[in-house]
Amino acid sequence: MVYDKNNIFAKILRDEVEAEKVYENEHVLCFKDIYPKSKIHVLVIPKKEYSDIYDFSKNSTNKEKESIFLAFESLIKIYNIEISGCRIITNHGVDGRQEVPHLHFHLLAGNDVGRMINN
Ligand code: 5GP
């Protein structure tokens, strides 16, 4: 999949579009989802251009992979949700219904986020 440099998260990374940033490290940016699906809804994205989880899994460095997990650790501390918990998901492709073609993980927390699949 060819990376689309005009996607909204690429614009956020270039500071062309505003976002409410909550954490960043060398390889990762975290900001609030504009249409939150729970009290806490943060998007975790790599700073480099990766379209989806497959692209990232195949092509990212170990440091970039590690940085994603360091971001999860930091967010869990920042929001003090070690005990109450959270859900972290990523959507990929048509069946996963990924809308923005830059890899992102949704961190949902702050309330019971419900069953994972409603059927
Ligand atoms: P997806 O369906 O691709 O997994 O999720 C895309 C997410 O990006 C959605 O939850 C949507 O609310 C969020 N989103 C879309 N446009 C913007 C934006 O301009 N700013 C922010 N902060 N989030 C956005």
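Which residue has a side-chain N or O atom 2.5 Å from an oxygen atom of the ligand? The residue is Asp33. This model is predicted.

## Ligand contacts

The shell holds 17 residues, and the closest are Asp33, Asn91, Glu99, His104 and His106.

For Asp33, the separation between a side-chain N or O atom and a ligand oxygen is 2.5 Å. For Asn91, a side-chain N or O atom is 2.8 Å from a ligand oxygen. For His104, a polar side-chain atom is 2.8 Å from an oxygen of the ligand. On its own, the ligand has 520 Å² of accessible area, and the protein covers 87% of that area.

By residue class, the shell around the ligand has eight nonpolar, five charged and four polar members. Helix 1, residues 8–13, supplies at least two of the shell residues, and strand 2, residues 28–32, also supplies at least two. Helix 1 gives the most, with three residues.

## His106

His106 is among the residues closest to the ligand. His106 belongs to strand 5, which spans residues 105–109.

Is His106 buried or exposed? Its relative accessibility is 13%, under the 20% limit, so His106 counts as buried. The side chain of His106 also has a protein partner: a polar contact of 2.9 Å links it to the side chain of His41.

Most residues other than glycine have a negative phi.

Asp15 lies in the loop that runs between helix 1 and strand 1, the latter covering residues 21–24. Its relative accessibility is 59%, over the 50% limit, so Asp15 counts as exposed.

Asn80 sits in the loop between helix 3, residues 62–78, and strand 4, residues 86–89. Which class does Asn80 fall into at 58% relative accessibility? Asn80 counts as exposed, because 58% is over the 50% limit.

Note on methods. Residues numbered from 1 in each chain as written. Predicted model: local features only at pLDDT ≥ 70, side-chain atom pairs only at ≥ 80, totals over all residues. Heavy atoms only, no water. Near = heavy atom within 4 Å. Polar contact = N/O pair within 3.5 Å; in protein donor to acceptor, adjacent residues only side chain to side chain. Areas by Shrake-Rupley, 256 points an atom, 1.4 Å probe, with all protein chains shown as cover. Helix = DSSP H or I, 4+ residues; strand = E, 2+ residues; numbered from the N terminus. Nonpolar A, V, L, I, M, F, W, Y, C, P; charged D, E, K, R; others polar. Buried < 20%, exposed > 50% of the residue type's maximum accessible area, 1.4 Å probe, protein only.
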